[in-house]
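Trainee: Could you show me the model, please? Then let us go through it step by step.

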Amino acid sequence: MIAEAGLAALWLAAGLAAFQFLLMGLALRSQVDVARPMRAVAMVQGMLTLVAFVMLLLVFARSDMSVALVYANSSSAKPFIYKVAGAWGNHEGSMLMWVTILAVAGAFVALFSRRTSERTLVAGLGSQALLALGFYAFLLVASNPFARLFPAPPDGQGLNPLLQDPGLAFHPPTLYFGYVGLSVAFSFAVGALLTGEVDSRLARAMRPWVLGAWILLTLGITAGSYWAYYELGWGGYWFWDPVENASLMPWLAATALLHSINVLAARGALKAWTMMLAVIAFSMSMVGTFLVRSGILTSVHAFAIDPERGTFLLALLAIYVGAAFTLFAVRAATLKEGAPFELISRESGLVINNLLLSVILGIVFLGTLYPLFVEALSGEKLSVGAPYFNAVAGPLALILAALVGIGPLLSWRRERRPVFRQLTIPALLGVSALAITIILSPDIGILPRLGFTVAAFLAAAGILPLVGRNPLRAPLATWGMAIAHFGISVALAGMAANAAFTSERLAIAKPGDTLKVGPWLVQLQDVTPTAGKNWTAIEAELRASRGEGPVALKPQTRYFSEPPTETNEAAIQTFWNGQLYTVIGKADPSGGWQLRLWWKPFVTLIWAGGALIALGGALALIGRLWRFRRRHEAAREWRKERYA
Amino acid sequence: MSRGLRLIPIILLVWLVIGLAWRLIKPTDPAIPSQMVELPVPAFALPPAVPTKPGLRSADLADGKPRVVNIFASWCVPCVGEAPVLNELKRRGARIDAIAVRDTPDAVAAFLSRHGDPYERVGADTNSQVQIALGSSGVPETFLIDGHGVIRHQYIGPLSSANIPGVLEQLEQAQ
């Protein structure tokens, strides 16, 4: 019964979404005020979808094998948390989660948004409903998550063991919240293009959503990168895999949007560009979802290939993005540009930021889809990997990171003060870092060396907006910006250290053998079998030392029976100055074992930086919402006094 | 903003959708053609893997007659299944050399006496360097090399008896 209730809720929600879209048409054709019913319908639609998703969680939690999806992706022997997480560890469930977030976001807009005009809000909610409608149709026609099996099988087929990890419980939902949070920016942009009200009020209404989505994308990408690092056992934090790029592209677009929206909010400028970015950011989310869900690109995240689903998603993408671009082409000319600005001003700084981010986005987009287009045109097969992306996007990212230190110091409209003088100390730090790396390690590559230089410069320049003022008086948004920009320098330092100083050792070792990696001596003491709830494993006992007390590491190769799969469980030991990363591979005919050891100095800074960037975003979001609330309350007080 | 500029996103989108739709209709073929085919064998000189047979040098592969080079190992289970196919090829006139990967003389000798020995020469590639240089990523793999030392075909995985006519025909063509 639970599954049927979920399906019914989904059908009802689809009906309401269609109704919402019709309401928008009515409101735009005539002057009928539909704001109140529109808000109500959007909220009910969001609730119904949430009900459907909770029903799916329930059938997974109860291991109801009569539901086809549970049978295919769960087994009763699995730990409880992975049973629940299994609900979104598959195609249908994750698409339901996608549309749930979309509809609930629409409900929240309906509930809270008071900043734009009612007409723009109605148009935005109508656009959000149309987005949701397409995905309801997709679920109901091509990917029903509640389909039954008769007779019910006794037990399920299990979940991919790589996904049986706490990371799974949080990584995909975080990314999805980010992807889909951008839908609100898209809908607002479409709504504003329809009504022609592209102004700073719109920017202020969009900003918290863009910021929120961006924070979650940042967290999702950071967590996903760490997950790949420790779970795949390859010792890398970023592989330029198509699915990774699919999450990076919306992030790049959202980062650009986050900055340009501030220009629109503060100065009323960059109207057309900001609307374009809002459309592109969510389009990139849809492209990402399509690439992941259709399985057309070869990837470590290889999901099933299903032409019918792929065609459906591609059609949705073409319709939505095509409609938004067409609307843009028709309406962009009617937008009046806002206040002018001079060459050296915060506006130009943000324009340069946007240009660089857009070019990097273009590079990643091209590299991700290039193999496909080459094969389409010439039949030749090739793959585009890290050498292309690092060589092309790397230098641009470095330039961007260096400019991040300068932009926030400029004032709006025109800069007359000698701001560059403030940069003396950061510049000296950068130059010293460059000199130190040249003296201490003359052999490292040019990109890591410049990475250290820019990181040192940015670490100091990033916090300059807080210097020279009472830090407690500075707005939270300024704190957030400074912390996020500082986070970039931290992550950059981590990447440079990883690229420049990682030592790797791959060897066959017998128990008793000692291997050297970086400053460490690692001894293989023993290899023993061990077992967990739904796996058996070979476990190596390693003892690592570098002068002081030895450390024990126990990497494993795990064998899961349902479905039969083998995974590497790396053993990682974190120190203040780096990580020791160990993997045990297969047995060698000579009686030894393959061991892979890495010493990665300061690699943890990469994820610490990512977390700092997200933290900065969170502070800015809290600051903005708090300020808005206070102003809202002040206005209410004022009205009360006035009319009392 | 001019009209042309504003239409660019739509045009790009149309191209993107056409490209993606093409890929959906024509799913990618997972077999990747070898990059080594039509290239000369890289220079190498391997010591004998068993005392009774000569080792293998790249110069041996350019003696005017097409040959088969089989990459195998005594510890490789699929290689056992492949052995009868190679023996049959030898019986039908193919000239076969081999590279034993990460192996010991005793183990190779035991393997050959147990599963048959179709090889004229067996080189010992103890650290896989030659295997990697040839563009081979596992065992067993089989290369067909023409009389001038140029790689003409690469078979990844064990040969089966269904491959025998094809291999003989390709050797014929490589004359």
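Trainee: Is the crossing of helix 9 of chain A and helix 10 of chain A left-handed or right-handed?

Mentor: Helices (H or I, at least four residues) and strands (E, at least two) are DSSP runs, numbered from the N terminus. A crossing is left-handed if the near helix is turned anticlockwise from the far one by less than a right angle, and right-handed if clockwise. For helix 9 of chain A and helix 10 of chain A, the crossing is left-handed.

Trainee: What kind of model is this?

Mentor: Residues are numbered from 1 along each chain as its sequence is written, while chains are lettered from A and ligands numbered from 1 in the order in which they are written. Local features need pLDDT of at least 70, side-chain atom pairs count only at pLDDT 80 or more, and totals for chains, interfaces and linings use all residues; this is a predicted model.

Trainee: At what angle do helix 9 of chain A and helix 10 of chain A pack?

Mentor: Two packed helices are described by the angle between their axes and the distance between the axes. Axes are lines fitted to C-alpha atoms, for helices over the stretch in contact, and angles run from 0 to 180 degrees between N-to-C directions. Here helix 9 covers residues 242-267 and helix 10 covers residues 271-294 of chain A. Their axes lie 8 Å apart, and the angle is about 165°.

Trainee: Why is there a name for how helix 9 of chain A and helix 10 of chain A run, and what is it?

Mentor: Angles under 35 degrees count as roughly parallel, over 145 as roughly antiparallel, 65 to 115 as roughly perpendicular and the rest as oblique. Helix 9 of chain A and helix 10 of chain A pack at about 165°. Helix 9 of chain A and helix 10 of chain A are therefore roughly antiparallel.

Trainee: Which helix of chain A makes a right-handed crossing with helix 15 of chain A?

Mentor: Helix 15 (residues 446-462) comes within 7 Å, axis to axis, of a helix at residues 424-440 of chain A. The two cross at roughly 155°. The partner in this right-handed crossing is helix 14 of chain A.

Trainee: How many charged residues has the contact of helix 14 of chain A with helix 15 of chain A?

Mentor: Two residues are in contact if their C-beta atoms, placed from the backbone, lie within 7 Å. Among the residues that meet are L429(A) and A433(A) in helix 14 of chain A, and R449(A) and F452(A) in helix 15 of chain A. Ala, Val, Leu, Ile, Met, Phe, Trp, Tyr, Cys and Pro count as nonpolar, Asp, Glu, Lys and Arg as charged, and the others, Gly among them, as polar. This contact has 12 nonpolar and 3 polar residues, and the charged count is 1.

Trainee: How many nonpolar residues has the contact of helix 1 of chain A with helix 2 of chain A?

Mentor: Helix 1 (residues 2-29) and helix 2 (residues 35-61) of chain A pack at about 160°, with axes 8 Å apart. Their crossing is left-handed. The contact has no charged residues and 4 polar ones. The nonpolar count is 23.

Trainee: Where does S63(A) lie?

Mentor: Phi of S63(A) is near 50°, a positive value in a residue other than glycine. S63(A) lies in the loop between helix 2 and helix 3 (68-73) of chain A.

Trainee: In what order do the strands of the 4-strand open sheet of chain A come?

Mentor: Two strands pair if DSSP finds at least two bridges between them. The edge strands here are strand 1 (503-509) and strand 8 (571-575), each pairing on one side only. Strand 1 pairs with strand 10 (residues 593-601) over 7 bridges, in the antiparallel sense. The sheet order is 1-10-9-8.

Trainee: Which residue is the bridge partner of I71(B)?

Mentor: In chain B, 5 strands form a mixed open sheet in the order 5-4-3-6-7. Strand 3 (residues 67-72) and strand 4 (residues 96-101) of chain B pair in the parallel sense over 5 bridges. The partner of I71(B), in strand 4, is I99(B).

Trainee: Which residue does a cis peptide bond join to V139(B)?

Mentor: Look in the loop between helix 4 (129-133) and strand 6 (141-145) of chain B. The bond has an omega of about -10°. It joins V139(B) to P140(B).

Trainee: How many residues does chain A give to the contact with chain B?

Mentor: Chain B gives 17 residues. The count from chain A is 24.
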